[in-house]
Amino acid sequence: MSELQSPSAIARWRGEFTSASTESAFLRDQGGVIRHELTRSLSICGISYLAFALADVAHLGQSSQTLVLFLARLAIAMVALTGIVLTRRSANPAKTAYRAATVFTSLAMLTFLLVVYARGELLLHGMSMAIMLIIVYLFIPNRLRNATIVALCASASFLALVYSFGTVSARQLSTMTMLLLLANVFGAVAARRNARLARRQYWTQQILINQSVRDPLTGAFNRRHLNAGLLDGEIESARRRNASLTIIMCDVDSFKSINDTHGHQAGDALLQDVARLLLSMTRDGIDTVVRYGGEEFLLILPDTTLADGRALAERMRTRLAAANSQHGLVQISATASFGVVSARLSPELPGIASQALIAHADELLYAAKRNGRNRVHAREWEAAGAA
Ligand SMILES: Nc1nc2c(ncn2[C@@H]2O[C@H](COP(=O)(O)OP(=O)(O)OP(=O)(O)O)[C@@H](O)[C@H]2O)c(=O)[nH]1
């Protein structure tokens, strides 16, 4: 998670995150829940539509109209089934579910209007309409905007149909209009509240996850995140893909004397600057920067050869040595030493234990320290293993 949104970043009326990327991440996260909700709601709706064919028979007898209505009801049940199947097969279930919900609710409302046209029973159907509006807003997962459009269009069409019959008094029609308006308002308000609540919960969860995996001082990942199998996962992924993996161990030189000379707070500020520089020079979403110890950082670079890893460490070393960290009126300059290990992995070769890879990077780092600091020592994993 690279960016965190504040709760105010939820659009006031749409009830969605204003940032498209956060909204997509939210929908990916909620995919399973939304798929489950859609399956349950469309199953109940499809079965109910078919079951109400009995009411058609009771009202219209075994006529051609009854047959037409039955075929329309069957089609709706099929649309529900197709929506469920497509959502279950989709790589992005939430998006597919929303599309399926919009198509299903639109066609279901049209079929309902067809039933009203054939059977009349306007007051009874007015009640059904109100129930259906609540189902559209609250029980079939959809974007609030889509649900509102379908519900308002269906309400207006139903009222127009009732009016065209000419059998309902003006008083009854106005009461019916008010009731449907109320159903729309309450449905939309509740749906909006649900949408915002789900996003607030997701946002809070992301904050907690972020806090549990990040070092509060530098913003780099922490040891807990590394120990949760981060490097093992990268090694396994590189092995499967026949790819190179490079790790860099970076340690600020003579940091104790910086602390002793300028104070602990200045040391903290310097660490923040170092982390900022390392993060800015690595690929967002691909590389990982971990605060491994006090002034020691571990960089995990997938798909990176030894030559590229060494060149990156050299660039980092030069940039660090040239930069000054400002603390109050004091400018602090620092250097760092680097140990770089690269491994070419493949499914045919045995895997590498993450601790062994880190230990080799550490050995190279301390060789760089022994040889005078402010330098990069790099080696291929096999050569390092043989050494
Ligand atoms: N300001 C600050 N200092 C820290 C932090 N974590 C560790 N340190 C200090 O970092 C210093 C590390 O010192 P050493 O391990 O002796 O290493 P060094 O002085 O950098 O020497 P070399 O690594 O050999 O170049 C210690 O004095 C720690 O107290 C931190 O979060 N903030």
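I started at the hairpin, where 4 residues join β2 to β3. I took helices (H or I, at least four residues) and strands (E, at least two) as DSSP runs, numbered from the N terminus. This is a predicted model, so I kept to its limits: local features need pLDDT of at least 70, side-chain atom pairs count only at pLDDT 80 or more, and totals for chains, interfaces and linings use all residues. Residue numbers start from 1 along each chain as its sequence is written.

Next, the strands. I call two strands paired if DSSP finds at least two bridges between them. β2 (residues 288-291) pairs with β3 antiparallel over 4 bridges, and Val290 has Leu298 as its bridge partner in β3. β1 and β3 also run antiparallel, with 7 bridges; here Asp251 is bridged to Glu296.

Then burial: buried means 20 or more other C-beta atoms within 10 Å of a residue's own, exposed 12 or fewer, partly exposed in between, with C-beta atoms placed from the backbone. In β3 (residues 296-302), 5 of the 7 residues are buried, so the strand is largely enclosed by the rest of the structure.

Which residues of α5 are buried? I found His125, Gly126, Met129, Met132, Leu133, Val136 and Tyr137.

Last, the ligand. I counted a residue as near if its C-beta atom, placed from the backbone, lies within 6 Å. Among the 16 residues around the ligand, Asp253, Phe255, Lys256, Gly267 and Gly294 come nearest. α10 gives the most to the shell, with 4 residues.
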